[in-house]
Amino acid sequence: MAYFREETSRLTVLQKAGLAGAVKRYVLRGRVVTMNAAHDVIPDGFVCVADETIVHVGAWSDGLPAPFDAAKLIVTGGSIYPGLIELHNHPSYNFIPMWPVVQHFDNRGIWRNDPGYKRWVSNTDYLLCNHPVATYPKALVRFVECRAILGGVTTTQGILYQNGSAMRSYYDGLVRNVEFPVKNWPVADDYINDFTSAQDAENRAGPALAAGTPYIIHLCEGVDATTRAKFDYLQKGDGTWLIGPSLVTIHGVALDDPQFRTLAQNRVGGLVWSPLSNMLLYGATTKVARAKAAGVPIAIGCDWAPSGTKNLLGELKIAKIVSDHEGGIFSDRELVDAVTRTPAAMLGWAPYVGSIQADRTADLMIIDTAGGDPYRELIDADESNIIAVIIDGRPRAGRATLIDPGSADAELIRIAQQNLVLDIIESKTHPLGGTSLSSAIATMTYALANLKDVAREAHTLAPMMEGVVDHWRPVPDYDDRPAGPMFAAPTLPGPDDVDPLAIEPMTAVDDTGFIGRIQANPNVPQWLKDSL
């Protein structure tokens, strides 16, 4: 695996000496923004990492404890934060360009049936997720995971995948997955469709809430009274509410004071806010000031590429604009809480991630600014400011001046206006089979530009795949097609069901047209357009 410069050579010596299992230790020096309960900020501090665990955190003036006084020292020259955590995304769609919405929608049931949405988003995703040529689905997953990492995200909602028709599971990939954390942490479940009745809500969410395990739901996504009325499905026949600390709600755009009070009184785990996606589709967003006043914990999520920001760095900026426009709902520190310690608490993961403390897992991001307010600097940062992103103590992305590009598992790439080293190319036995980001970008660029030909190819090859059970594919989680066998011709979009698309750059800093596409949306309020 790629590792910090110089440390790699030391590990090579250890391996030659028969000590390949030795603990890998290193020290990061920089401003440490702990995001702990006291919100301690150490202007010149250190973080000691052994394998996947943070062992010590302290001020540089206090001196390094043994054995880290002999470990590799990485002087970052920047600020060290916990890795960003998003509790709302649909990763398998995050290669699709922003959908050019042309009308206002009152609720998601309307836009999900819009012909433009089906051609631009749903058909495109379903085709490439289910294509018989495995190169396409594998490139898709590599692209969307790296898109998250390059924005400092270390935990997201996961990618459901299917191996033929024999196995269905969440994908253990580069980014930590709330539905499949691998470690012995609380495992989240989610449901993205609206409950259809109180009994449906009880059947789906009841077992998880009774067990105290995280259950993430889309709730009242829209602006009309019909959408708001769906909140009442959470009330059980005995008058009590299907709400508790392990329930995490997404959007809640239609909710108002009575519903927020009910959530707070029943100790809801929290609400995940996706302001840009709400604005692009509905022209309004969640009444977060009222949610906050009621005592509902609030996290921030990107939603997805068709109607959202590139990553949490982008969504933080939109959240800041909305907060300021409404009189300063959140302080900058509270906004950074909403992508670190708050979502960790919602999941029951606070003992493991979301802050920089001893015995926490080393999920970290480092940016190159350290001179001003640490919270505002993170909100203002873009992908070009990222020095490194570390997951489980392993640097997955970092500047070539910091991360060793010499490993066989490393990829050197020019992206986010800097030279980065990515440690993403797993062994040939991994589901992605050594897929590099550069090859994934090339594959997805070709696929989107030639969707009609790609669809013809899929329909030609689909009959040959009958009975194949070892073909790996991601499963679109927002698709409403009926369940059926893989590569079924009636459900696989054909050349008349798709249109060629131009891929967008993966990062906002590389995408010069991104703000213009937001400003062209007819639903986005003028004050938001003017603030971008």
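Trainee: In what order do the five strands of the open sheet stand, and is their pairing parallel or antiparallel?

Mentor: In this predicted model, the order is β10-β11-β12-β13-β14, and the pairing is parallel.

Trainee: Which strands stand at the edges of the sheet?

Mentor: The edge positions belong to β10 (189-191) and β14 (298-300). Each has a single partner strand, so one side of each lacks a neighbour in the sheet. On average, neighbouring strands are turned by 25° against each other, direction ignored.

Trainee: How many bridges join β13 to β14, and how many pair β12 with β13?

Mentor: Strand β13 (residues 270-273) pairs in the parallel sense with β12 (residues 247-251) over three bridges.

Trainee: Which way do the residues of β13 point, and are they buried or exposed?

Mentor: In a regular strand the side chains alternate between the two faces of the sheet. Here, Gly270 and Val272 point one way from β13, whereas Leu271 and Trp273 point the other way. All four are buried, that is, under 20% relative accessible area.

Trainee: Which helix makes a β-α-β unit with β12 and β13, and what is the handedness of that unit?

Mentor: Helix α7 (residues 257-265) makes the unit with these two strands, and the unit is right-handed.

Trainee: Which strands does helix α10 touch?

Mentor: Helix α10 (residues 312-325) packs on the sheet and touches β13 and β14. The direction of α10 makes about 130° with that of β14.

Key: Residues are numbered from 1 along each chain as its sequence is written. This is a predicted model: local features need pLDDT of at least 70, side-chain atom pairs count only at pLDDT 80 or more; totals for chains, interfaces and linings use all residues. Side-chain values use heavy atoms; hydrogens and water are left out. Two strands pair if DSSP finds at least two bridges between them. Axes are lines fitted to C-alpha atoms, for helices over the stretch in contact, and angles run from 0 to 180 degrees between N-to-C directions. Contact means heavy atoms within 4.5 Å. Buried means under 20% relative accessible area, exposed over 50%, partly exposed in between (1.4 Å probe, protein chains only). A crossover is right-handed if, with the strands pointing away from the viewer, the path from the first strand over the helix to the second runs clockwise.
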